[in-house]
Amino acid sequence: MQMIQQPPSQLREVFLIGTGQTDFVPSHRAEQTTHELLYRAAVEALNDAGLTFADLDGLAISSFTVAPDHSIDLAVRWNIKPQWLMDSCLGGASGNDMIQHAQQAISSGSAQRILVVSGDHFAGDDFKDLVENYNMSARTNFAQMPGMSPNTLFAMLTSNQMRVYGLTKSDYGSLVVRQRDWAAENRHAAYRKPLSLTDYLSSPVIADPLSRYDCVPVVSGASAIVLSADKCAGKSVRVLSSHAQHNPDNQDSDGLSTGLAQVLPKIWQQSGYTIADIDVLSVYDDYPAIVIAQLMDIGLLPKVDVSESLARLLASQQPYINSSGGQLSAGQAGAGAGLQGVVEVARALTDQGPIATHGSRVGLVCGYGMVTYRYGSCSNATILERA
Amino acid sequence: MMTDCTKCHWSGMPARETCPRCHNSQWGDVDALAGTIVETTKVTRSFGGDLDPAQPYALIEVKAGGFRITHNAHELEVGTSVTVDQAMNINPIKNLDA
């Protein structure tokens with residue numbers, strides 16, 4: 001059957017005009033509920049944009065612990081009358097997932113101003129329950145395995161990556177230590193105290209070869225952004241392109257590459273930029289091995305002489321990578337982790353990030369997540385430009 | 001219960017309705033699978049608590065296709081040829097040439 005392609009219609013530009021973020025607090029010390037965290041981040045993003053809940057006609061949320069509530073429940077609690085609603089369940093890929101869909105909604109005229117908010121608070125055994133019941137695969141395959149968690153899975157993936165590319169613990173440590181340096185400038189980060197390579201190498205083993213600082217710390221917190229068809233003078237970021245590639249290999253590969261390699265050609269084609277134009281880059285960092293996998297997919301890290309190339313890349317600061325400290329230092333606020341990188345890059349592009357990143361013009365945010373057996377099955381990316 | 005694709009014998013996880021290799025949708029029961037250990041780890045700490053004893057795990061590449069994660073009670077090394085039984089225990093396959 002011959003398919004007749006429609007000519008592209010006139011689409012509206014989309015702007016990110018406000019950001020909000022709570023402090024990230026280790027879950028055992030956190031005092032606020034998920035609903036309180038989401039509300040605080042939402043209010044801060046709206047204040048940043050000069051808007052109120054009454055100005056919104058769209059809402060997207062992502063949270064593991066907001067259950068049994070959904071976006072419509074928050075719309076009622078917050079007095080929003082939405083014409084567009086979304087609940088994303090894609091964990092570390094949820095931030096870009098919500099942006100990808102919200103961008104299309106605003107471009108096509110389904111909505112004018114959308115609040116995107118995500119975060120989590122884990123009380124008691126909430127996090128253990130989440131891991132054990134993450135999906136049917138986890139529930140049926142891993143429930144009877146003592147000590148089984150994402151750390152176990154990514155320990156084996158990291159071992160393989162070390163063997164394939166000749167990497168050592170110090171290579172991963174250099175990445176973790178560099179991110180901790182960035183975290184010192186992030187007032188929301190859970191862990192800001194300087195970390196040396198010696199500290200990293202001498203930390204307790206969790207699941208060999210992973211030690212404490214390789215495993216993303218679980219925290220409570222929330223992030224929010226406001227997307228709009230209207231530009232906000234002086235502090236807007238243009239959403240140029242957002243794409244996804246999920247389940248690229250049916251979980252039947254080694255997990256050392258992600259769907260990002262298939263996403264980026266679309267991003268570059270649609271935006272007119274290349275990786276050489278990216279000033280600030282957020283790479284999803286639940287584990288250092290996944291940062292390295294994505295840097296390879298992006299084309300910043302060649303697959304030969306990886307150790308030396310990684311050292312050169314980190315030293316060059318071209319681009320600035322995970323300039324909020326990433327999740328490895330700021331903490332992983334459950335599904336909220338998917339939006340943390342978006343806030344990081346948006347703030348860098350509006351001179352609200354670390355001083356070194358001021359003046360940055362173009363940023364890329366990479367999402368990754370949803371372990372369906374051995375590694376994440378979701379990948380996506382959004383490119384943002386100072387407007 | 002352990003199953004494989006009745007057509008190409010792919011037998012990985014997670015469970016699925018359609019074989020990712022040949023797209024067959026018929027699955028049959030198998031008593032054991034042959035494979036090779038491709039990764040191992042030993043978990044010493046989990047959910048904020050120490051594990052005593054530490055728990056060893058292995059990733060098995062199934063000879064007929066697919067991957068399975070199992071407990072590695074005998075702490076077998078990467079490269080060891082093994083069988084996986086229905087209880088997901090692994091045992092080394094003795095090298096008859098040795």
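Begin by selecting helix α13 of chain A, which is mostly covered, since 12 of its 12 residues are buried (a residue is buried if 20 or more other C-beta atoms, placed from the backbone, lie within 10 Å of its own, exposed if 12 or fewer, and partly exposed in between). Before going further, note that this is a predicted model, in which local features need pLDDT of at least 70, side-chain atom pairs count only at pLDDT 80 or more, and totals for chains, interfaces and linings use all residues. Residues are numbered from 1 along each chain as its sequence is written, while chains are lettered from A and ligands numbered from 1 in the order in which they are written.

Staying with α13(A), colour its buried residues, among them Leu339(A), Glu344(A) and Arg347(A). Helices (H or I, at least four residues) and strands (E, at least two) are DSSP runs, numbered from the N terminus.

Next, select the contact between the chains, to which chain A gives 23 residues and chain B gives 20 residues; two residues are in contact if their C-beta atoms, placed from the backbone, lie within 7 Å. On the side of chain A that touches chain B, the elements giving two or more residues are α5 (136–141), α6 (150–165) and β6 (205–207), and α6(A) provides the largest share, five residues.

Finally, centre on Val205(A), in strand β6 of chain A. Val205(A) is partly exposed, with 17 other C-beta atoms within 10 Å, and, leaving aside neighbours within four places in sequence, Val205(A) is in contact with Ser211(A) and Thr44(B).
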